[in-house]
Amino acid sequence: MSIVSEKVANQQPVIFTKTKNNWKTSEVEALFDLPFNDLIFKAQTIHRENFDPNAIQISTLLSIKTGACPEDCAYCPQSVRYDTGLEKEALMEIDAVVAAAKKAKETGASRFCMGAAWRSPKDRDLDKVTKMVQEVKALGMETCVTLGMLKEDQAIRLKDAGLDYYNHNLDTSEDYYGEIITTRTYQDRLDTIGHVREAGINVCCGGIVGMGEQEIDRAKMLQALANMTPQPESVPINQLVQVEGTPLDGVEQLDPIEFVRTIAVARILMPESHVRLSAGRTEMSDEM
């Protein structure tokens, strides 16, 4: 569902509700160009129609395997290609992951995401990860993993383990993608998302802003997400965290208002998705 408004002379916007999975780039750009207060009003109206306006889900992300990733994602300190001072760590033991999940739950988190710095998991790795999923789910928490590219049978194994969400971001627009990553294609990402969807796992898919892209790239990224059928159940919007040693260290930072605009447009385009503030939120000002 999405909400579209139109101005009536000398009146407040009239709100209409309709299903929309065929957004045009020009329509998304028009949302970005709205006066700030109008954009926030639209986004807040849609949010209140679909969610408790005062409720926030707290999620915790744990790196269960750190560093030595062969990919060249320009934003990522876990790539083996960049000297960031990060120490690589092997896949964690199941008991340690469960202990971290229990601590997260005690501090208010209801969702626990486990991330591994792999291009794609080996089948033997999934033996351990599926057990982690089962143990965390037994705590009564929502489970999510992000492990890189998946094959069809691997997605089915994760579904059979009870996984709730699989995270695999588009990162940016297809046009700008080659400026950020060369070791994995945009289509590779879409293929993994397709395997996840076909296995019956909820899709967690968003992107990163502030990587030197233009507003049109942010618009096209959100357009691609919104035109997925069905739309992702979870849409994390990340703001780049610059890390010394990565190619994007020192890139011009995104204006905070543009970050807010991106989140608001995401809410309008994907009204029933959980739009999540992810990486970069600790750098936000009190006003944001």
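This passage describes the overall fold and selected residues of a predicted model of a protein chain.

In the predicted model, the protein chain is built from eight helices and ten strands. Its 288 residues have a radius of gyration of 19 Å, which agrees with the value near 19 Å that a compact globule of this length would have. Along the principal axes, the C-alpha atoms fill a box of roughly 65 × 40 × 35 Å. Of the 288 residues, 48% are buried, and among the contacts with a separation of 6 or more, 72% are accounted for by residues 24 or more positions apart in the chain.

The surface and the charges of the chain were also computed. The protein chain exposes about 14100 Å², of which carbon and sulfur atoms supply 49%. Its charged side chains comprise 31 positive and 44 negative groups, and the centres of these two sets lie 5 Å apart.

With regard to aromatic residues, the structure holds one aromatic pair. This pair is formed by Tyr177 and Tyr186, whose ring centres are 5.6 Å apart and whose planes stand at 80°, so the arrangement is classed as edge-to-face, a term that applies to planes over 60 degrees apart. Both partners, Tyr177 and Tyr186, are buried.

Two further residues were examined individually. Arg261 is located in helix 8, which spans residues 256–269, and with a relative accessible area of 12% Arg261 counts as buried, because this value falls under the 20% cut-off. When its neighbours within four places in sequence are left aside, Arg261 is in contact with Leu31, Phe32, Asp33, Leu34, Pro35, Phe36 and Leu39.

Ser79, in turn, is found in the loop between strand 3 (59–65) and helix 3 (94–106). Although Ser79 lies in a loop, its relative accessible area is 4%, and Ser79 is therefore buried by the same cut-off of under 20%. If residues up to four places away in sequence are not counted, Ser79 touches Cys69, Glu71 and Asp72.

Conventions. Residues numbered from 1 in each chain as written. Predicted model: local features only at pLDDT ≥ 70, side-chain atom pairs only at ≥ 80, totals over all residues. Heavy atoms only, no water. Helix = DSSP H or I, 4+ residues; strand = E, 2+ residues; numbered from the N terminus. Rg over C-alpha atoms; globule rule 2.2 N^0.38 Å. Buried < 20%, exposed > 50% of the residue type's maximum accessible area, 1.4 Å probe, protein only. Contact = heavy atoms within 4.5 Å. Areas by Shrake-Rupley, 256 points an atom, 1.4 Å probe, with all protein chains shown as cover. Lys, Arg positive; Asp, Glu negative; His and termini not counted. Charge placed at Lys NZ, Arg CZ, Asp CG, Glu CD. Phe/Tyr/Trp six-rings, centres within 6.5 Å; stacked < 30°, edge-to-face > 60°.
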